[in-house]
Amino acid sequence: RLREELSISVNAQLSPELDVTRLAFELQPTRVTLIPPRWLGPSVVGGLDPFQLGDGLKAQVAQLHEADIEVAVRVAPKLDLIKRLQRFDIDVLQLSTHELMTSARGTAKRRHFKELTDAALLASRLGFKVAVTGALDLAAVEQLSRLSQLSELHVGHALLSRSMLRV
């Protein structure tokens, strides 16, 4: 109803363990983002494993597309996972920044940023829309916003509030 009355896009974040198709038909979102079932505090940790989900994921994506619903998948920025997802007809890859944002400064942080950059480049080359999401701070947003491969940068209300105070 929100989608119709306000003319806005609605994104439903659902775990593939749920009856995604039934929920999507009831909610009628613009997009369904398939997320892992693990939560840590207010945010989702990591990403889905397309090797484990296999044909079940492919069937869910096909059913959502039949209902004219865009499909996004939250995934860790690992090249093998991104290559595997190419066969599932996913519209948007949401690269999880959990490892980047929880790593200590220095070498580990640079290594995770490079993984994220490489994953965004590969995903873009494979034809995915690319998004990043996951407890981003202002410094990470400033750095990530320079990546031309990204079509979406998901930030929370706390970051928006803090960034408005800096202007």
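A residue is called buried when its relative accessible area is under 20%, exposed when that area is over 50%, and partly exposed in between, using a 1.4 Å probe and protein chains only. The structure discussed here is a predicted model, in which local features need pLDDT of at least 70, side-chain atom pairs count only at pLDDT 80 or more, and totals for chains, interfaces and linings use all residues. Residues are numbered from 1 along each chain as its sequence is written, and side-chain values use heavy atoms, with hydrogens and water left out.

Of the protein's 167 residues, 41% count as buried. The secondary structure comprises eight helices and eight strands; helices (H or I, at least four residues) and strands (E, at least two) are DSSP runs, numbered from the N terminus. Contact means heavy atoms within 4.5 Å. Among contacts with a separation of 6 or more, 54% are between residues 24 or more positions apart.

Six strands form an open sheet with parallel pairing, in the order β1-β2-β5-β6-β7-β8. Strands β1 (11-14) and β8 (152-153) are at the edges with a single partner strand each, so one side of each has no neighbour in the sheet. Two strands pair if DSSP finds at least two bridges between them. Strand β2 (residues 31-34) and strand β5 (residues 70-75) run parallel and are joined by four bridges; L34 has V73 of β5 as its bridge partner.

V92 lies in β6 and is buried, with a relative accessible area of 0%. Leaving aside neighbours within four places in sequence, V92 is in contact with R31, E70, V71, A72, V73, K129, A131 and E152. One of these, E152, is 60 residues from V92 in sequence, yet their C-alpha atoms are 9.4 Å apart in space. Q94 also belongs to β6 and is buried, with a relative accessible area of 1%. Not counting residues up to four places away in sequence, the residues that Q94 touches include N11, T33, R74, V75, T133 and H154.

Helix α6 comes next. The 19 residues of α6 (residues 107-125) should span 27 Å at 1.5 Å a residue, and the end C-alpha atoms are 27 Å apart, which agrees; the expected span is 1.5 Å times one less than the number of residues. The buried residues of α6 are H112, F113, L116, A119, A120, L122 and A123. In general, an α-helix has 3.6 residues a turn, so residues three or four places apart point the same way. The cover over the buried residues of α6 includes α4 (79-85), β6 (92-96), α5 (98-102), β7 (129-133) and α7 (138-144). Just after α6, G127 takes a positive phi of about 95 degrees.

On a 1 Å grid over the protein atoms alone, a cavity is a set of points where a 1.4 Å probe fits but cannot get out, and lining residues have an atom within 4 Å of a point. Grid points are joined across faces, edges and corners, and a volume is the space filled by probe spheres set on the points. The count comes to one cavity of 30 Å³ or more, and the largest cavity holds about 30 Å³ of space. The lining of the largest cavity consists of P77, S96, T97, E99, L100, H112, E115 and L116. Two or more of the lining residues come from each of α5 and α6, and α6 gives the most, with three. The lining divides into three nonpolar, three polar and two charged residues, where Ala, Val, Leu, Ile, Met, Phe, Trp, Tyr, Cys and Pro count as nonpolar, Asp, Glu, Lys and Arg as charged, and the others, Gly among them, as polar.

Technical notes:
On a 1 Å grid over the protein atoms alone, a cavity is a set of points where a 1.4 Å probe fits but cannot get out, and a pocket is an open set with protein on both sides within 12 Å along at least five of seven lines; lining residues have an atom within 4 Å of a point.
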